[in-house]
Amino acid sequence: MYKKAALVFPLALISQLSLADWVKDAAQQNENQVIQLRQHIHQNPELGNMEVKTSALVQKELKSYGIQVKTGYAKTGVVGILKGNKPGPIIALRADMDALPMEEKSGVPFASKQKAIYQGKETYVMHACGHDTHTAMLLGAAKILAANKDKISGTVVFVFQPAEEGGADIDNFTQGDQIGSRKMIADGAFKDYKPEAIFGIHVISGMQSGHLYYKDGAILNSADHLRIQVNGKQVHGSMPWLGRDPIYASAQMINNLQSLISRRTDLTQGMGVVSIGNIQGGTAGNVIPEQVNMVGTIRSNNEQIRANILKSLPVMIEHDAQANDVTAKVEIAPYAPVTMNDKALTQLIQPTLVKVVGDSKLHVLDHNASASEDFAYYGKLMPSFFVFLGATPENQDLTQAAPNHSPYFIVDDKALKTGTELHVRFVLDYPNISKQVQTSWKPS
């Protein structure tokens with residue numbers, strides 16, 4: 001899955017490798033507070049668009065560090081502004097704050113017992129993807145950076161984003177542009193201070209605690225939501241010729257959708273997946289229903305493949321419907337493009353990763369992860385770098401670790417120190433590579 005990084009040290013950063021270990025010391029000194037923040041947030045999770053208390057906590061902490069706080073973005077989003085004492089570029093660090101609608105079964109002492117309303121129904125709530133750690137690590141970094149403004153060249157924009165997993169209070173299919181990173185951008189999070197680069201960290205289960213995993217190019221898949229409504233003519237199951245069977249037509253559609261990948265996609269350029277995960281139709285075994293509804297997802301690690309699927313899929317469904325004398329309505333809603341790590345930024349920031357974990361704990365992925373992230377929208381505006389932080393406790397078999405989004409998901413708190421330090425070093429080191437990154441970057 002991954003290999004050791006082949007180290008490339010730009011000349012501009014060689015001198016930085018001898019930088020005093022004050023950053024590592026500061027991360028160590030703040031470790032307990034970061035863990036306490038994480039455990040508090042974990043015990044009090046909030047769903048997307050509903051992160052009111054988490055947002056208030058973030059604002060309180062940032063203000064206590066002397067950081068300018070700006071709100072009014074994406075309902076509960078928070079932006080912190082910290083100006084260094086030396087001139088330099090504007091860069092952004094991002095953390096997401098929302099939890100998931102599920103019951104926690106991890107057994108940790110600070111496990112969540114919270115409930116909330118998700119899509120109109122009461123549900124348990126759990127930080128099952130590590131966003132509590134992301135928020136805590138970025139707060140820890142903000143505290144360290146604010147106390148060392150004299151060492152900062154430029155301005156830091158701290159982005160605390162809601163609803164990366166979707167909103168609890170809206171229709172995420174039809175109102176996806178009203179949540180998460182898209183809404184942060186639309187509401188002007190970068191209006192006054194426009195970053196020239198952005199960094200993100202995500203904790204991952206099944207990877208060694210405190211190790212870093214990365215690659216250039218595609219790091220996470222794109223994601224698009226799919227809904228198909230097939231309308232036929234209801235009839236008794238014993239006389240199908242008198243009706244028009246939407247179930248039979250839907251079965252053909254599901255089968256034919258797979259040919260978009262196996263026969264219509266250039267797999268030398270990347271991959272694609274079309275999955276139908278929900279089918280609703282009919283009320284009795286001897287009645288052919290009038291309607292079938294299907295819900296699915298479309299994923300790819302290549303934007304051209306993604307575009308071809310999105311263009312071809314509705315046409316295929318329309319023709320399948322005509323062949324079966326039924327009608328079909330296709331709706332596709334984007335969630336996120338492919339999350340891309342800028343090639344130059346990835347190469348030039350590599351020595352920073354080495355400073356934090358050393359060569360033995362730095363790994364280059366040989367393929368991207370299959371999940372998706374709305375961090376990708378930031379990468380449309382500026383060079384971006386997204387890195388995975390291993391979070392599986394040392395005494396746990398990596399192959400048996402509960403994955404992200406599992407009710408048994410656990411994060412090793414020892415990994416938080418690594419993430420905190422990495423955020424700080426992104427800020428300190430980026431100015432040395434800024435010109436090279438900006439020269440090579442082209443908006444997608």
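Me: Is Glu-373 buried or exposed, in terms of relative accessible area?
Reply: This is a predicted model, in which local features need pLDDT of at least 70, side-chain atom pairs count only at pLDDT 80 or more, and totals for chains, interfaces and linings use all residues. Residues are numbered from 1 along each chain as its sequence is written, and side-chain values use heavy atoms, with hydrogens and water left out. Buried denotes under 20% relative accessible area, exposed over 50%, and partly exposed in between (1.4 Å probe, protein chains only). Glu-373 has a relative accessible area of 2%, so this residue is buried.

Me: With which residue does Glu-373 form a salt bridge?
Reply: A salt bridge requires a side-chain nitrogen of Lys or Arg within 4 Å of a carboxyl oxygen of Asp or Glu. For Glu-373, the closest N and O atoms are 2.9 Å apart, and the partner is Arg-94.

Me: How many residues apart in sequence are the parts that Arg-94 and Glu-373 tie together?
Reply: Helices (H or I, at least four residues) and strands (E, at least two) are DSSP runs, numbered from the N terminus. Arg-94 lies in strand S4 (residues 86–96), and Glu-373 in the loop between strand S18 (362–365) and strand S19 (384–392), so the parts tied together are separated in sequence by 279 residues.

Me: Which residue meets Arg-94 in a salt bridge at 3.0 Å, N to O?
Reply: Arg-94 is buried, at 3% relative accessibility. The side chain that meets Arg-94 at 3.0 Å belongs to Asp-374.

Me: How many salt bridges does a search of the whole structure find?
Reply: One of them joins Asp-132 and Arg-38, at 2.9 Å from N to O. The search of the whole structure gives a total of 18.
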